[in-house]
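Please look at the structure below and follow its parts in turn.

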Amino acid sequence: FFFFFFFCFFVFVFFFFCLFFFFLCFFFFFFFVFFFFFFFQAEDGIRDLVRSRGLGDVYKRQVSTQSTWDYTFMGRRPARCYRYWRGKAFPKSRYNRGVPDSHIRMFDAGRKKARYDEFPLCIHLVSDEKEQLSSEALEAARITCNKYLMGKAGKDVYHLRIRVHPWHVIRINKMLSCAGADRLQTGMRGAFGKPCGKVARVNIGQIILSIRCKERDRRHALEAMRRASFKFPGRQKIFVATTHGFSNIPRADFGQLKREGQLEKHGNHVKILSKHGPLKSYLKKIMP
């Protein structure tokens with residue numbers, strides 16, 4: 001019995017000391033980890049945020065791990081770099097390859113299949129400068145104008161048309177912007193540049209956008225044109241045309257010509273019948 005009691009007491013004391021030693025080690029381990037890791041990291045962060053005063057640093061500066069040759073190309077240039085005409089037009093061809101696609105794909109919006117006599121009023125946005133308009137600007141103007149007219153006037157009560165097309169290709173000579181770029185790239189050698197986009201060249205007085213609608217939607221069309229002009233550089237003017245729709249027939253003469261049967265219909269467009277040429281073809285047009 002005495003031996004059994006002594007053995008139990010010894011096991012209990014041994015187990016107690018092992019448990020005490022385990023908790024002590026666990027406490028000191030986490031204490032040192034939290035103390036050294038968070039304290040010195042915070043100190044380094046605070047110290048690095050303070051700019052040196054030129055008196056010398058007593059602390060060791062952290063060395064940047066970013067590579068010296070980790071370079072990036074310059075970003076997209078602003079449109080002001082390609083605003084004015086320079087040289088001849090440079091369209092896409094077999095000599096000019098690798099041209100990115102234009103950002104504008106749709107040049108008509110609204111009810112584009114409406115008959116020629118449904119929308120008599122026509123409003124133009126006219127350029128007042130000789131400049132270049134990027135395809136991104138044309139697409140932004142189309143979206144702005146179309147969205148405003150759909151919200152205010154309606155979906156099928158207008159026809160919007162983009163009158164210019166971006167054919168001219170602009171180029172960029174990409175330069176390296178990094179430390180040591182002068183060792184990797186030489187300045188003007190081979191500086192012709194690679195194609196980076198398309199622009200439309202417009203003259204003074206050239207029409208950029210046109211809207212045909214009914215007379216009741218005049219104020220909405222004018223406001224849509226005003227908002228679309230904010231997407232272009234330079235100056236633009238808004239004109240209310242004296243012609244009927246997208247045709248070149250004056251609105252004052254349109255009714256009389258229609259009654260006399262002098263109009264040749266071409267879907268959403270119309271023109272005056274020509275009185276020249278063979279009589280057979282003329283009679284075929286007026287008496288289908």
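Asn96 counts as buried in this predicted model, because its relative accessibility is 4% and the cut-off for buried is under 20%. Asn96 belongs to the loop between β1 and β2. Leaving aside residues up to four places away in sequence, Asn96 touches Phe90, Pro91, Val169 and Pro195.

Charged side chains come next. How many salt bridges are there? The count comes to 17.

One of the salt bridges joins Arg83 and Glu131, whose closest N and O atoms are 3.5 Å apart. Arg83 sits in the loop between β1 (72-73) and β2 (108-110), while Glu131 is in strand β4 (residues 131-134), so this pair ties together parts that are 48 residues apart in sequence. Is Glu131 buried or exposed? Glu131 counts as buried, because its relative accessibility is 0%.

A second salt bridge is formed by the side chains of Asp117 and Lys258, at 2.8 Å from N to O.

The side chains of Glu223 and Arg226 meet at 2.7 Å, N to O. Both residues are in helix α4 (residues 218-229), where they are three residues apart, about one turn of the helix. Glu223 is buried, with a relative accessible area of 19%, whereas Arg226 counts as partly exposed at 37%. Elsewhere, salt bridges that share partners join Arg83, Asp128, Glu129, Glu131, Arg235 and Lys237 into one network. Arg83 and Glu131, the pair described above, are among the members of this network.

Phe15, Leu19, Phe22, Phe23, Phe26, Phe29 and Phe30 make a nonpolar surface patch of about 770 Å². One of these residues, Phe22, is found in helix α1 (residues 2-49).

Methods:
Residues are numbered from 1 along each chain as its sequence is written. This is a predicted model: local features need pLDDT of at least 70, side-chain atom pairs count only at pLDDT 80 or more; totals for chains, interfaces and linings use all residues. Side-chain values use heavy atoms; hydrogens and water are left out. A salt bridge is a side-chain nitrogen of Lys or Arg within 4 Å of a carboxyl oxygen of Asp or Glu. Helices (H or I, at least four residues) and strands (E, at least two) are DSSP runs, numbered from the N terminus. Buried means under 20% relative accessible area, exposed over 50%, partly exposed in between (1.4 Å probe, protein chains only). Patches are made of residues with over 30% relative accessible area and no salt bridge: like charges are joined within 9 Å, nonpolar side chains (Val, Leu, Ile, Met, Phe, Trp, Tyr) within 5 Å. Accessible areas come from the Shrake-Rupley method with a 1.4 Å probe; for residues, only the protein chains shown count as cover. Contact means heavy atoms within 4.5 Å.
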